[in-house]
Amino acid sequence: MAAQAFYSERRETVVRAKGRVATDDSLRQTRAPSGSAGATGRVNFEPSARLAQQPILASDLYVDLDALSPALARGMILLGQALICISEASQAARQQDPMTADLYIQTLRPTLRRLFMCREIGDGFAALIDALISAFENNHGLPLDSSHLSAVQAALLKLRDQPFLAFSAAARAIEDLERAGFSTEPPGFEHFADWLTA
Amino acid sequence: MPDSQQNPQDSNTSPTGSPPKAYLDTTVVANALLRSDATGKRCADAIKKFAYSEMPEYALKEFKSGPLKAWVWAHNKLNETKSWADTLKAVNAISATPQRNFSATARQGLQQAAEADRDAFVTALGLAADGGTPIDRALADRYRLYFRRKITLAWQRRRTIATDISMPLGCFIEGDLLVLNGGNLAFERYSCPRNADCDVFKLLTKLQNDVSRLMDVVKAQPEKPENTRRYQALRHIHRTPNRPFSDSQCRSLGDAVFALAAPPDSVILTTNIKDHAPLAGALGKIAAEP
């Protein structure tokens, strides 16, 4: 259901055939599409000049979940769920309803851990999810303000659009999270750091 | 408060009367580049408070062969074992040596935090018991990814931390951080090439009076291997300035290099004030904590 909701907003999007997607050196298994091939795509009639100006989003490319690697298919479904959570939380926060916003965040947190189990998608994907998990851990359950929510949403959207993002791109996205006030250090890391930096 | 521990931002602390410059010691560089916790922020903020900061290349050399190498080791151990539990065992084995003592309290703190993280995974995934190997591997990957990010960024930013880089060392090869096929991080080398002509040695042989003064100070310090090695390296410079000086001797100089090379109107910024203060003080210079 969540996956349907996730993809329904992209149903009108044209599948573009030109361009490149940022990739990491990660597993990108593919399986032969089941059922009628090409049934989920649409032919693009846009002039090629316009194509060059627009980035290709992963959600444009990976429409047929059955054709994807299991990790990527699951990752895209979970990302859809995560985006719904953060979107609802943001809306509740805008309506001055912090309790409802926090309830959605409580739902989001275990989803992020499930997303981490899809980390074979790539190290960039894994690093950004890892940072989000730590960001919430280090926030110690405090309600998020609008800038926090926006930062989390931006990170999740980045992953939805570029699941194979390079590690360096993930590092930049994590810095955006840190600029929003999150600490992305894993739990207890300061003990490790003390020992290793001595 | 002794002179050598004055507030580093106090504009009146410079012996020459001019506003002080920060002269960055390796500990401050390492903390500011690698750590995001309170210690790292304190160091980074302290550097930013100075209008001018200077880092000798010797700090980069020490950073690479010391803290950065240790962080790369931890990253590669997580990548090699793909197990949080096995990595902790390796950490425990290494930390049994006096040079790398990992206190029981700190180890316990790290283990407790990881256990809480494991529980959160088990709950989120609806698993039985402790989640077994997949969760052990997930924990290892969480730390590995963080290490990789911090190491990569620290190496990328090493030359942006200070306003200026001084004391260029022709013998020191910075090199590129490599990501090997299996995911390990590596440098071609962590030390200077064998038989390289040591530029630190060349510089310090010109400062014989100061070297002699530091020898007296180091000799008076508590007996420990680090001080013994430092004294021997200083004595080599003083007594046999025409004989070759090895990379290992260069690294043994450690804090003495900062005391000798810091400009008189600078404040040596260090988290290791205990060792730096007497050395800097002997040469009329100032060392301060961030």
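This is a predicted model: local features need pLDDT of at least 70, side-chain atom pairs count only at pLDDT 80 or more; totals for chains, interfaces and linings use all residues.
1. Next, turn to a pair of helices in chain B. Helix 1 (residues 26-34) and helix 3 (residues 57-81) of chain B have axes that come within 9 Å and cross at roughly 50°, which makes helix 1 oblique to helix 3. Their crossing is right-handed.

2. Which residues make that contact? Helix 1 of chain B contributes B:Thr26, B:Val29, B:Ala30 and B:Leu34, while helix 3 of chain B brings B:Ala59, B:Glu62, B:Phe63, B:Gly66, B:Pro67 and B:Trp71. By type, the residues of this contact are seven nonpolar, two polar and one charged.

3. Chain B also holds an open sheet of five strands, in the order 3-2-1-6-7, with parallel pairing. Strand 3 (164-166) and strand 7 (286-288) of chain B each have a single partner strand, so they stand at the edges with one side lacking a neighbour in the sheet. From one strand to the next, the twist averages 35°.

4. Strand 6 (residues 266-269) of chain B pairs with strand 7 in the parallel sense over three bridges, and B:Leu269 has B:Ala288 of strand 7 as its bridge partner. Helix 12 (residues 273-282) of chain B packs on the sheet and touches both strand 6 and strand 7. The direction of helix 12 makes about 170° with that of strand 7 of chain B.

Conventions
Residues are numbered from 1 along each chain as its sequence is written. Chains are lettered from A and ligands numbered from 1 in the order in which they are written. Axes are lines fitted to C-alpha atoms, for helices over the stretch in contact, and angles run from 0 to 180 degrees between N-to-C directions. Helices (H or I, at least four residues) and strands (E, at least two) are DSSP runs, numbered from the N terminus. Angles under 35 degrees count as roughly parallel, over 145 as roughly antiparallel, 65 to 115 as roughly perpendicular and the rest as oblique. A crossing is left-handed if the near helix is turned anticlockwise from the far one by less than a right angle, and right-handed if clockwise. Two residues are in contact if their C-beta atoms, placed from the backbone, lie within 7 Å. Ala, Val, Leu, Ile, Met, Phe, Trp, Tyr, Cys and Pro count as nonpolar, Asp, Glu, Lys and Arg as charged, and the others, Gly among them, as polar. Two strands pair if DSSP finds at least two bridges between them.
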